[in-house]
Amino acid sequence: MAAEIKPATASSSDKFSSTKKPVLLSKLEGCNDDVNAAIIIPGEDGVISVCDDRTVRVWLKRESGQYWPSICHYMASGATALCYCVETRQLFIGVENGTVSEFALATDFNRMTLVRNYSAHQARVTSIHFALNCEWMLSIGRDKIFQYHCSESGRRIGSFQSEAWCTALQYLL
C-alpha cells in the first residue's frame with residue numbers, strides 16, 4: 001500500500017495558515033551534552049545556555065556571523081535551569097543537586113562573578129524566575145517544593161510543598 005502526502009491548502013478565512021517554512025538563521029555548536037535551557041539576551045546578539053555537561057555558556061555573535069562562547073563556566077553539577085534579568089544583569093543558574101547560584105554578568109558579557117548560592121532544593125532545579133519588583137528569586141524543583149528567597153539578603157522567605165514534581169513556573173504581577 002502506498003501513501004501520498006499532499007500539501008494542505010489554506011482557506012481564505014484562515015489567516016494563520018501559511019506555506020512558509022521556518023528558516024534556520026544560526027546554529028550554536030560546542031555543547032557536549034543535553035542543553036536544558038537557552039535564552040536570547042535582549043538587545044544583544046547573544047544567547048545564554050545551560051547544559052548537562054555542567055556548563056553555563058554565554059554565546060556572542062562574532063564578525064564572521066557565527067556564535068562563539070565568550071564565557072564557559074563549569075558548575076558543581078549539571079546545569080538545569082536559568083533566569084536572566086536584563087535590567088540588573090543578574091543571572092540565576094539552577095543545578096542538578098538543588099542549588100541555585102546567582103551571578104553578576106559583566107556589561108561586555110565576558111565575565112560572570114558569583115554573588116551567592118541558595119540552598120533551595122534537595123533535587124534537580126526545574127525552573128527559576130527573578131521578580132525584580134520585589135527582589136525575589138523563585139524556584140521549583142523535583143523535590144516537589146516551590147521556594148522563594150530574597151535576593152538582597154539571600155534568606156528564604158517561604159515555601160510550598162506540592163504533591164508532584166514541579167515542572168514549570170510563571171510569575172505575573
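Predicted model: local features only at pLDDT ≥ 70, side-chain atom pairs only at ≥ 80, totals over all residues.
Student: How many disulfides does the structure hold, and what makes that the count?

Tutor: The structure holds zero disulfides. Remember that a disulfide is a covalent bond between the sulfur atoms of two cysteines. Take Cys85 as an example: the cysteine sulfur closest to its own belongs to Cys83 and lies 7.3 Å away, whereas a disulfide requires the two sulfurs to be within 2.5 Å, so this pair is too far apart for a bond.

Student: Is Cys85 called buried or exposed, and why?

Tutor: The relative accessible area of Cys85 is 6%, and buried means under 20%, so Cys85 is called buried.

Student: Where does Cys85 sit in the fold, and which residue is its bridge partner in E6?

Tutor: Cys85 belongs to strand E5, which covers residues 79-85 and is mostly covered, with seven of its seven residues buried. Strands E5 and E6 pair in the antiparallel sense over six bridges, and the partner of Cys85 in E6 is Gln90. Between these two strands the hairpin has four residues, and in this hairpin Arg89 takes a positive phi near 55 degrees.

Student: Why is the pair of Phe92 and Phe130 called stacked?

Tutor: There are three aromatic pairs by the rule used here. In the pair of Phe92 and Phe130 the ring centres are 5.1 Å apart and the planes meet at 25 degrees; since the centres must lie within 6.5 Å and planes under 30 degrees apart count as stacked, the pair is stacked. Phe92 is in strand E6 (residues 90-95) and Phe130 in strand E9 (residues 125-131), so the pair ties together parts that are 38 residues apart in sequence. Phe92 is buried, at 0% relative accessible area, and Phe130 also counts as buried, at 7%.

Student: What makes the pair of Trp136 and Tyr148 tilted?

Tutor: Their ring centres are 5.0 Å apart and the angle between the planes is 35 degrees. Stacked would need under 30 degrees and edge-to-face over 60, so an angle in between is called tilted. Trp136 lies in strand E10 (residues 136-141) and Tyr148 in strand E11 (residues 145-150), twelve residues apart. Together with Phe146, these two residues are linked by ring pairs into a cluster.

Student: How do you know that Trp136 and Tyr148 are partly exposed?

Tutor: The relative accessible area of Trp136 is 28% and that of Tyr148 is 22%. Because partly exposed covers the range between buried, under 20%, and exposed, over 50%, Trp136 is partly exposed, and Tyr148 counts as partly exposed too.

Student: Which strands form the open sheet, and what makes two of them edge strands?

Tutor: Four strands form the open sheet, in the order E9-E10-E11-E12, with antiparallel pairing. E9 and E12 (156-161) are the edge strands, as each pairs on one side only. The twist averages 15 degrees from one strand to the next. Within this sheet, E10 and E11 pair over five bridges, and Met137 stands opposite His149 in E11.

Student: Which residues have the most contacts inside the largest nonpolar core?

Tutor: They are Ile48, Val56, Leu91, Ile93 and Leu105, in a core of 18 residues. Strands E2 (46-51), E3 (55-61), E5, E6 and E7 (99-105) each give two or more residues to this core. Apart from it lies another core, of eleven residues, including Ala81, Val100, Tyr118 and Met137.

Conventions: Residues numbered from 1 in each chain as written. Heavy atoms only, no water. Buried < 20%, exposed > 50% of the residue type's maximum accessible area, 1.4 Å probe, protein only. Phe/Tyr/Trp six-rings, centres within 6.5 Å; stacked < 30°, edge-to-face > 60°. Pairing = 2+ DSSP bridges. Axes fitted to C-alpha atoms, helices over the stretch in contact; angles between N-to-C directions. Core = buried A, V, L, I, M, F, W, Y, C linked by side-chain atoms within 4.5 Å.
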